[in-house]
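This report concerns a single protein model, whose sequence and coordinates are displayed below.

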Amino acid sequence: MHILFNAFAASSGSGLTYVRNVAAVLARRSDVRATFLVGPELAGERSAGANVAFEEMREPQSVARRVVWEQSVLPRIVRRLGADVLVSAGNFALRRSSVPQILLSGNSLYTSSDYRRDLLQRREYGLWVDNGIRSFFAARSVGWADVTVAPSESFAQELRQWTRDNRVVAIHHGFDREVFFAEDAPLSEALQTTLSETNDCLRLFFVSHFNYFRNFETLFRGLNILRAMLPEKNPKLLLTTRLRSGENPGDFRAEPAAVLVRELGLSEHVVELGAIPYRQLQHLYRAVDLYVTASYAETFAHPVVEAMACGVPVVASDLPVHREVARDAAVYFPRFSAETLAQRVREVVASPEAAREMSRNGEQRAADFSWEKHVDQMVGVARELLERRAGRAEQRS
């Protein structure tokens, strides 16, 4: 079976993680051949096996041009490569695909009323319009695909309600412990120095580049309240970003968040580490006391799994997907309540035994996620679609 992955929209973050991990697992299989259509970010990838290939594509810059490209050019690529199944990995599907098609839907911003409201409050009218256009095509894509795969049951249910289409299934994303914990090289001297300066502090950690839906403002306000609650702990929030727009992907303006940090007097308490290589993240997780996230839109939350794998207790916004992924390895707070966020952190700090139990629960829960399992289920869906189409062809003949 030859599976073609239309993955050229995977340009950062979880998209790149997905392609790299799935390709690595498929390369170890002998029953599947895979081709990945990728953008420049993945053009230099080399598979670990002869059955996986990468073809570089140039992604059109606007969503309208991308849709036109996919509907006009992609069918010819499917025929040229002789693909048996098409996996559309960028939230948009091919209309009237000549082969069975699986849509990977993994962007909760298209369904999030919080995000739309947030954009209007920030007067980000261009982003609001762009998100509306993308949402339109994302919703239609669920109807165009034979089946849509979501990375969590919570998001699958959200998609079913949004589109009124029940052909949506949940297949959890994976986590590769060997890859994540493989890097033995220490952190850079600059990072080690920064960490040493917070040795006597309560270290909170959040992994994300800057964007609006991660809800940095609630984190900052919660940190300010926590500073008054636990002055003796001198809490610090470590970020894997810098609050400067030019240093983050996307069109999100980070400067207002930086102004908020200064207005709250948190300049010495918010530590901007900048982007950290994936293979070195484990060293930071193991150096902190708590992982915190106030995100109001998620589909899977990879950093929560990474934190759990490192035995770090989690304080998370009360989203269904966070409860699904973290279970009893986390405590939860209403996503816009800085006061409750601070209270939950204080409760965990005040109970070392509860924190240790959360740590144990997290390590066990993280072991449930596997890219091997994810690929097995994806291949199973592909085979089922092929069998259905073959069965329908026999009935017609």
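The sections that follow treat the sheet, the packing of a helix on it, the nonpolar cores and the aromatic contacts.

**Basis of the description**

The model is predicted: local features require pLDDT of at least 70, side-chain atom pairs count only at pLDDT 80 or more, and totals for chains, interfaces and linings use all residues. Residues are numbered from 1 along each chain as its sequence is written, and side-chain values rest on heavy atoms, with hydrogens and water left out.

**The sheet**

Helices (H or I, at least four residues) and strands (E, at least two) are DSSP runs numbered from the N terminus. An open sheet is formed by 7 strands in the order S3-S2-S1-S4-S5-S6-S7, with parallel pairing; two strands pair if DSSP finds at least two bridges between them. Strand S3 (52-56) and strand S7 (168-170) are the edge strands, each pairing on one side only. From one strand to the next, the twist averages 20 degrees. In general, strands of a sheet pair through backbone hydrogen bonds, either parallel or antiparallel.

| Strands | Bridges | Direction | Opposite residues |
|---|---|---|---|
| S1 and S2 (residues 33-38) | 5 | parallel | asparagine 6 and leucine 37 |
| S1 and S4 | 4 | parallel | asparagine 6 and serine 88 |
| S6 (residues 147-150) and S7 | 3 | parallel | valine 149 and valine 169 |

Strand S1 is mostly covered, 5 of its 5 residues being buried, where buried means under 20% relative accessible area, exposed over 50% and partly exposed in between (1.4 Å probe, protein chains only). In a regular strand the side chains alternate between the two faces of the sheet. Both faces of S1 are covered: His2, Leu4 and Asn6 lie on one side, Ile3 and Phe5 on the other, and all are buried.

Threonine 148 is placed in strand S6. This threonine 148 is buried, with a relative accessible area of 0%. Neighbours within four places in sequence aside, threonine 148 is in contact (heavy atoms within 4.5 Å) with Leu103, Ser105, Val142, Leu159, Arg167, Val168 and Val169.

Histidine 374 belongs to helix H16. Is histidine 374 buried or exposed? Histidine 374 is buried, because its relative accessible area is 2%. Leaving aside neighbours within four places in sequence, histidine 374 contacts Tyr18, Val22, Ile171, His172 and His173.

**Nonpolar cores**

A nonpolar core is a set of buried Ala, Val, Leu, Ile, Met, Phe, Trp, Tyr and Cys residues joined through side-chain atoms within 4.5 Å. The largest has 77 residues, and those with the most contacts inside it are Phe205, Phe220, Tyr285, Tyr291 and Met308. Apart from that core lies another, of 30 residues, among them Ala7, Leu104, Met378 and Leu385.

With neighbours within four places in sequence left aside, phenylalanine 220 is in contact with Leu237, Leu239, Leu243, Ala257, Leu260, Val261, Leu264, Leu266 and Val270. Phenylalanine 220 counts as buried because its relative accessibility is 0%.

**Aromatic contacts**

A search of the whole structure finds 24 aromatic pairs. Rings of Phe, Tyr and Trp (its six-membered ring) pair if their centres lie within 6.5 Å; planes under 30 degrees apart count as stacked, over 60 as edge-to-face and the rest as tilted. Phenylalanine 216 and phenylalanine 220 form a tilted pair, 6.1 Å centre to centre with 55 degrees between the planes. These two, phenylalanine 216 and phenylalanine 220, are separated by about one helical turn because they are 4 residues apart in helix H9 (residues 216-229). Phenylalanine 216 is buried, with a relative accessible area of 0%.

Another tilted pair joins tyrosine 285 and tyrosine 291, at 6.0 Å centre to centre and 45 degrees between the planes. Both tyrosine 285 and tyrosine 291 are buried.

Conventions: Axes are lines fitted to C-alpha atoms, for helices over the stretch in contact, and angles run from 0 to 180 degrees between N-to-C directions.
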